[in-house]
Amino acid sequence: MLAAEVGFELPEGVREFVSQDRIQPFIDGQYTTSSREDSIEVIDPGSAARVASVAECGMEEIEAAVASGENAFENSGWATMPVNERAVLLHRLADLVEKEADELAFLEALDCGKVLANAAGDIQNFCQTLRYYTDLSVHTSRRHSLAVSAHEAWTVIHPYGVCAFIFPWNFPFLLLGWGVSPALAAGKTIVVKPAEDTPLSTLYFGRLVKEAGIPDGVVNIVPGLGETAGAALAQHPRIKRMSFTGSPEVGRLVGEACGRNLVPVKLELGGKGAAVVFDDADLEDTVDKLVQAITFHTGQV
């Protein structure tokens, strides 16, 4: 079995998940067999052993995922659900993530070479982020009257529709939380393409979405390569918003693709942030913090 090759005992839930012949995309509330025969071999960077095999998806799966998101947005009641009811489901989802935090942290550490304690912190960060935006949605006013003479006028906020996300390999589950939490809390539906190097925790998330009672099609997860699945998602004319985190080189391609379709896009691209140190700073403490910032997670921040 692939799971046995890593050289140590896996938690039962993790072992069951990664021992599948091929982990499939999560579309319309279920793991759906990909039409492509190609697979992505997920490698443990600590031992170079194969951890799992994941379906390599392409344009057909992206089309199915976007169509599923559209259908859920229009017909599942997610977008029109009273905000308190949607919040109940999202808090239930956060509780399930927290309940299976050990399994998710182990997957994350195994998948992208994280120290287990850091991976556990990422899972907790996801829960905090989802709960924060869920609570914020409950207390956000969606309609504001406008003082216009002789007219009854107001602004009103509606969810956009299908929002697309492409996440990188360094903080897979934490960034999943940062991206999809406000979208789900606002009543949007989502299509996520995780990094081909680190798709496991995001794909595992699909079963928790199902267990939480989130309507089918609200969350869709499609693994694949950037030049196939990622490009198909960024170029899709029916997504309403696009979010990409990754390199400037790929960010230019994503921005160009979205620009052709007039789809608003958020790009968080690579680079090292400069630090401004003032004369009154504690120099020793500042140097220590900067070294930590640059070397944390082997410099992948």
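**Talking through a predicted fold**

Mentor: Let's start with a pair of helices: helix 4 and helix 5 cross in a right-handed way. Right-handed means that the near helix is turned clockwise from the far one by less than a right angle, and left-handed means anticlockwise. This is a predicted model, in which local features need pLDDT of at least 70 and side-chain atom pairs count only at pLDDT 80 or more, while totals for chains, interfaces and linings use all residues. Residues are numbered from 1 along each chain as its sequence is written, and side-chain values use heavy atoms, with hydrogens and water left out.

Trainee: What makes helix 4 oblique to helix 5?

Mentor: The axes of helix 4 (residues 101-112) and helix 5 (residues 116-138) come within 8 Å and cross at roughly 125°. That angle makes helix 4 oblique to helix 5. The other classes are roughly parallel (under 35 degrees), roughly antiparallel (over 145) and roughly perpendicular (65 to 115), and the rest is oblique. Axes here are lines fitted to C-alpha atoms, for helices over the stretch in contact, with angles from 0 to 180 degrees between N-to-C directions.

Trainee: Which residues in helix 4 and helix 5 meet?

Mentor: Ala101, Leu104, Ala105, Phe106, Glu108 and Ala109 of helix 4 meet Leu116, Ala119, Ala120 and Ile123 of helix 5, where contact means heavy atoms within 4.5 Å. These residues divide into nine nonpolar, no polar and one charged.

Trainee: Why does Leu262 count as exposed?

Mentor: Leu262 has 74% relative accessibility, so it counts as exposed; the cut-off is over 50%, with buried under 20% and partly exposed in between (1.4 Å probe, protein chains only). Leu262 lies in the loop between helix 9 and strand 11 (265-269), and has a positive phi of about 55° although it is not a glycine.

Trainee: Is His297 buried or exposed?

Mentor: His297 has a relative accessible area of 10%, so it is buried. His297 also has a positive phi of about 55° without being a glycine, and lies in the segment after helix 10 (283-295).

Notes. Helix = DSSP H or I, 4+ residues; strand = E, 2+ residues; numbered from the N terminus. Nonpolar A, V, L, I, M, F, W, Y, C, P; charged D, E, K, R; others polar.
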